[in-house]
Amino acid sequence: MNDEYLKTKRILLVDDEQDLLDMVTSILRSDGLCHIETAGSVREALALTETFLPELAVLDVMLPDGSGFSLMEKLRLKGDFPILFLTARGEDGDILQGFGLGADDYIVKPFLPKELLFRIMAILRRCYKNDNPLVTLQNSEIDFSRAEVIKDGIHIPLTAKEHDLLSALYRNAGRIVTIDALCEAAWGDNPFGYENSLMTHIRRIREKIERNPSQPVSLITVKGLGYKLITAEQENRRLL
Amino acid sequence: MKSIPKLIRHLVGTLLLSALFLPVLNVLVLGSLLSTQESNIIPPWTTAREAADDLQLTENGYMISESMGARLSAYDIWAFFIDNDLQVVWQTDNLPDSIPLTYTPSGIANLTRGYIDGYPAFTGESENGLMVLGYPKESFWKEMHPGWDYQLIKNAPKTLLFMLLFNVAAIFLIYITANSTLLKSIKPIVNAIQALPTGEEVYVPEKGLLSEISANINRTYEILQSQKYQLRKKETARANWIAGVSHDIRTPLSMVMGYAAQLQEDVTLPKMAHDNAVSIVRQSEKIRDLINDLNLASKLEYNMQPIRLAKENIIAITRQVVVDFMNTDMTGKYPIVWETDESLPPCFISADKSLIRRAINNLIQNSINHNTQGCTIYVKVTTDQDTAACSITVADDGIGISEEQVDKISHAPHYMVCDENTGRQRHGLGLLIVKQIMTAHGGKTIIGKSSRGGFLATLTFPPDSSEAT
């Protein structure tokens, strides 16, 4: 999925369980992420960030010398990087508090390595999409930083709505995104009654990215449910 | 608060009825008493008239028949006869000496109206003169002085009726005045008793006629409150205990799942070790689902789960859950078929999104858990044309359940909520949570057999919930 450029991102893990830190580190390393530092407390984490400014932080909520929520607020002063909570506190109230404070995601333990990796990569893709020169599809490439599609050497501009829709699909590349989630990405809250507009926009996107828009290979319809964007890398992996 | 006016109506009705009934009863009793008396004693005026008719002028002077003589002496009555010349021309033997034997017209008028020497006198006239009977002293009361105004007598029935109504009104007023104090004391007591089952705060001022009852009601409320508090404390402790255990188990379980999943991905591992890793992942996922379910079920059971209602489109929620499953089903063993009519407009209800997602999630997970060989799952959202009620149906073509199992799921108590030792306790929290969530939303859960042979569950939301926001 052309995610290699994300694998070099600096990641900070904070949890008071050393065993868990070791395991998460090994999960991330096995997927190619290499710049990982760990801390067991708020104090350690803050000291570490003096020399290691993370590009993504994964925090536990309950730490021996304070809460992950307050640590997040302190880290925010150091830099504007995404923060993900990984915690055993799974109450609705905790999750809402986490998102309310501006967390980018909230994962409740126990979790599967694949899920953690997917969520981390989705955040990195969203936050650092402009770092990526190009997203390669089977018949074209998308340049999100310039909001354009390159097909057969021709640069085709994307409208704002098409850019929003493609971004939402790319964040979840290889997965189905519901009609409702796409409408929300393009038209905001309470996106009802936009289904027909969505179909029109999808058709236009296909005209830009597909070789044959009536037989799409990159932007697939899942009838009644939503759409799925398949990158060239994913397609190649599938064929293997 | 309908009982107080009802009580007043009942009491006043009884009072009015008795106020009308009592005079009628009195008249009846008096009438029957008088008629009994009259049947025993022949009225004195009648006796006097009959005696006058009976007295005959014979050759030997005036004579009375033997039977009349016997009748008079039987009642100890004396008699004399005054002829038209105002002379006593006949008398009985028992005439007391004190009785004069000559009379003036005024004397006759006097005796007719009243007494002769204390003896009540009654007169009966004949063509020859006037028969005078004297009854024993204090046997009759006579008062013949008054003269009555004709109008008064003519209006007597009206006057009596008026008096009767006046009496009824007076009694009614007296009753209301006397009872208003009682009713005043009853009202707060009735209010308090009606408030007791609703759980509202209850306090009755302990004064007035019924202060003792008020005090008892206050005491009852205090006992109920204290029992409620104790029960709530126990329930909170139990729910907290479950929440605590499920929290503490999460981090160690993360380690088990994480390492097992890594082993599962390791292509260098021997097949047997790989299969073991797959099994550990699958079983630890079951433990994860169990602790999640246990925590939520206990919170829903003890009303500790906050229900955050908002206007939600049921189709969008269901679609997201289905897509989440499709995105994670890497094996392709559990394809999901979306059967919702595409022309169906958004179906809004007032609901807690995360709980509804959980309910649908549990139903799909239930189909997966019970069909390890794989199955197709069919999901559909429908709207009832008449009531506009929204329903979510999850069905599969798997092994399904028997009638007996349907009955058990629908009726047997779950161990989570069962307070007695019964062999019919149910296990598995997934469906219990679905039912709890639907109950919290005022909806229904119907479990049965799918037409495709597998399991079928329908969640129906109340139609009016779409009105709420």
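This is a predicted model: local features need pLDDT of at least 70, side-chain atom pairs count only at pLDDT 80 or more; totals for chains, interfaces and linings use all residues.

Is Cys347(B) buried or exposed? The first point takes up this question.

1. Cys347(B) has a relative accessibility of 4% and counts as buried, because the cut-off for a buried residue is under 20% relative accessible area.

2. Cys347(B) takes part in a disulfide with Cys390(B), with a distance of 1.6 Å from S to S. The angle about the S-S bond is -80°, and the link between Cys347(B) and Cys390(B) is accordingly described as left-handed. The two cysteines belong to distant parts of the chain, 43 residues apart. Cys347(B) is found in the loop between strand S9 (336-338) and strand S10 (348-351) of chain B, while Cys390(B) is in strand S12 (residues 390-396) of chain B. Cys390(B) is also buried, with a relative accessible area of 4%.

3. How many disulfides does a search of the whole structure find? Over all chains, the search finds 1 disulfide. Cys34(A) is partly exposed, at a relative accessible area of 41%, whereas Cys183(A) is buried, at 0%.

4. Chain A contains 9 helices and 14 strands. It has 240 residues, and 52% of them count as buried. Of the contacts in chain A between residues at least 6 apart in sequence, 61% join residues at least 24 apart. The accessible surface of chain A is about 10,500 Å², and carbon and sulfur atoms account for 49% of this surface.

5. Several strands of chain A pair in the parallel sense. Strand S1 (residues 10-14) of chain A pairs with strand S2 (residues 35-39) of chain A in this way, over 5 bridges. Within this pairing, Val14(A) has Ala39(A) in S2(A) as its bridge partner.

6. The bridge partner of Leu12(A) in S3(A) is Ala57(A). S3(A) in turn runs parallel to strand S6 (residues 83-87) of chain A, with 3 bridges joining them. In that pairing, Ala57(A) stands opposite Ile83(A) in S6(A).

7. Which way do the residues of strand S3 (residues 56-59) of chain A point? Leu56(A) and Val58(A) point one way, Ala57(A) and Leu59(A) point the other way, and all are buried.

8. In chain B, strand S6 (residues 119-126) is mostly covered, with 6 of its 8 residues buried. Strand S5 (residues 115-116) of chain B runs antiparallel to S6(B), and 2 bridges join them. Ile116(B) has Tyr119(B) in S6(B) as its bridge partner. The two strands, S5(B) and S6(B), form a hairpin with 2 residues between them, and Asp117(B) in the turn has a positive phi of about 55°.

9. A hairpin through 2 residues joins S6(B) to S7(B). The bridge partner of Glu125(B) in S7(B) is Leu130(B).

10. What does Asp293(B) touch, not counting residues up to four places away in sequence? Asp293(B) touches Arg358(B), Asn362(B), Leu429(B), Gly430(B) and Ile433(B) on that basis. Asp293(B) lies in helix H8 (residues 271-301) of chain B. At 12% relative accessibility, Asp293(B) counts as buried.

11. The final point concerns the interface. The size of an interface is often given as the accessible area lost when the parts come together. Chain B and chain A bury about 2,900 Å² between them, with 61% of that area on carbon and sulfur atoms. On the side of chain B, Arg250(B), Arg319(B) and Asn327(B) lose the most area to chain A, and together they make up 18% of what that side buries. In terms of contacts, 31 residues of chain B meet 33 residues of chain A.

Key
Residues are numbered from 1 along each chain as its sequence is written. Chains are lettered from A and ligands numbered from 1 in the order in which they are written. Side-chain values use heavy atoms; hydrogens and water are left out. Helices (H or I, at least four residues) and strands (E, at least two) are DSSP runs, numbered from the N terminus. Buried means under 20% relative accessible area, exposed over 50%, partly exposed in between (1.4 Å probe, protein chains only). Contact means heavy atoms within 4.5 Å. Accessible areas come from the Shrake-Rupley method with a 1.4 Å probe; for residues, only the protein chains shown count as cover. Two strands pair if DSSP finds at least two bridges between them. A disulfide is a pair of cysteine sulfur atoms within 2.5 Å. Buried area is the accessible area (1.4 Å probe) that two parts lose on being put together, summed over both.
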